[in-house]
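The sequence and structure come first, and the notes follow.

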Amino acid sequence: MMGGIIAGLVILGVLIIVIGMNVRIVEQGMAQVVQRLGKYRKTLETGFHIIMPFFDRTRAKISLKEQVADFRPSEVITKDNVKMMIDSVVFFQIVDPRLYTYGIERPMQAIENLTATTLRNIVGELELDETLTSRETVNAKMRNIIDDATNPWGIKVHRVELRNILPPPAIQESMEKQMRAERERRQTILQAEGEKRSNILVAEGEKQAAILRAEARKIALLTEAEGQAEAIKKIISAKPDAAYLTLQGFEAAKALAAGEATTIIVPSELQNVATMFTTMSEIMNKKGVGTPKK
């Protein structure tokens, strides 16, 4: 009786161990291929699984997340025979674990070699300047070619990027000199444009100032002439007596004598108002003072 219990416990323990050894838990974003007697059986996805003991075996877990492969620089030759080093980065994802497992031996090495040969073929059709300025075009061509080639391996290539393009030292030095010359040329142009603009602004300012000064002188002369004419009209309309006219005549003569006039005319009949103002008008005309044109 006791021996039967012990045997049962032993068998139960063995079963538990066997089942435990054939339990597979697949994490999120992972997959695992199952082989039965060496032949592909199925792919285990995320979750809890039990495989058949002694008959089924599992391969290493495969990540289904997007991955980045940073490959070492490759030597390429452009169409104009310039050697340079270019390193590339490939963003890919395993979409079919079965094809990835059985499609090709060492798939990462295969992708690296495929990337290097594709890069040489594409750059070999471009000149140096085109290679430096056409990264997007080269990236797109490489992605299409590599993606088509890796489809049978269960790999999807999302992006290919040229990270560094390193021409020979002599070419780099020449490019740096060209860039410095271009920067100096642009700086010279900007300085010349600035000086030109400054000179134009100064000339415009001087022109406006001269116009304003001339306008101010014109307005002053017109105002003065209008004031003198208005004063004469008021005197005439007031019909002043002879004594006032005599006094004003002497004042006007005194003012003219203090100026630049070389001829002073004094009427003999101061009582004659018309003669007096005619004489004053002649004197003012000689000094350049007159009634402004309407």
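Asp 56 is buried, at a relative accessible area of 7%. Here buried means under 20% relative accessible area, exposed means over 50%, and partly exposed is in between (1.4 Å probe, protein chains only). This is a predicted model, in which local features need pLDDT of at least 70 and side-chain atom pairs count only at pLDDT 80 or more, while totals for chains, interfaces and linings use all residues. Residues are numbered from 1 along each chain as its sequence is written, and side-chain values use heavy atoms, with hydrogens and water left out.

Asp 56 forms a salt bridge with Arg 36, and the closest N and O atoms are 2.6 Å apart. A salt bridge is counted when a side-chain nitrogen of Lys or Arg is within 4 Å of a carboxyl oxygen of Asp or Glu. Asp 56 lies in strand β5 and Arg 36 in strand β2, so the pair ties together parts that are 20 residues apart in sequence. Strands (E, at least two residues) and helices (H or I, at least four) are DSSP runs, numbered from the N terminus. Arg 36 is partly exposed, at 26% relative accessibility.

## Other salt bridges

Side chains of opposite charge can pair when their charged atoms come close. A search of the whole structure finds eight salt bridges. One of the pairs is Glu 27 with Lys 61, with the closest N and O atoms 2.9 Å apart. This pair links distant parts of the chain, 34 residues apart: Glu 27 is in the loop between β1 (23-26) and β2 (30-36), and Lys 61 is in the loop between β5 (56-58) and β6 (62-63). Glu 27 counts as partly exposed at 41% relative accessibility, and Lys 61 counts as partly exposed at 35%.

Lys 156 forms a salt bridge with Asp 147, where the closest N and O atoms are 3.1 Å apart. Lys 156 is partly exposed, with 31% relative accessibility, whereas Asp 147 is buried at 6%. A network of salt bridges links Asp 70, Asp 87 and Arg 163.

## The nonpolar core

A nonpolar core is a set of buried Ala, Val, Leu, Ile, Met, Phe, Trp, Tyr and Cys residues joined through side-chain atoms within 4.5 Å. The largest one has 29 residues, and those with the most contacts inside it are Met 84, Ile 86, Leu 119, Val 138, Met 142 and Leu 162. At least two residues of this core come from each of β9 (83-94), α3 (107-123), α5 (135-150) and β10 (155-166). Helix α3 gives the largest share, six residues.

Leu 119 sits in helix α3. The relative accessible area of Leu 119 is 1%, so this residue counts as buried. Leu 119 and Glu 75 are 44 residues apart along the chain, and their C-alpha atoms are separated by 9.5 Å.

## Surface patches

Patches are made of residues with over 30% relative accessible area and no salt bridge; like charges are joined within 9 Å, and nonpolar side chains (Val, Leu, Ile, Met, Phe, Trp, Tyr) within 5 Å. Accessible areas come from the Shrake-Rupley method with a 1.4 Å probe, and for residues only the protein chains shown count as cover. Met 2, Ile 5, Ile 6, Leu 9, Val 10, Leu 12, Val 14 and Ile 16 make up a nonpolar surface patch, with about 770 Å² of accessible area together. Ile 16 belongs to helix α1 (residues 2-21) and is exposed, at a relative accessible area of 54%.

A patch of negative charge on the surface gathers Asp 80, Glu 127, Asp 129 and Glu 130. Asp and Glu count as negative and Lys and Arg as positive, while His and the chain ends are not counted. The place of a charge is taken as NZ of Lys, CZ of Arg, CG of Asp or CD of Glu. Asp 129 is part of helix α4 (residues 128-133) and is exposed, at 58% relative accessibility.

## Positive phi angles

Most residues other than glycine have a negative phi, and most peptide bonds are trans. Leu 37 is not a glycine, yet has a positive phi of about 55°. This residue lies in the loop between β2 and β3 (39-44) and is exposed, with 67% relative accessible area.

Arg 106 also has a positive phi, near 50°. Arg 106 is located in the loop between α2 (97-102) and α3. With a relative accessible area of 54%, Arg 106 is exposed.
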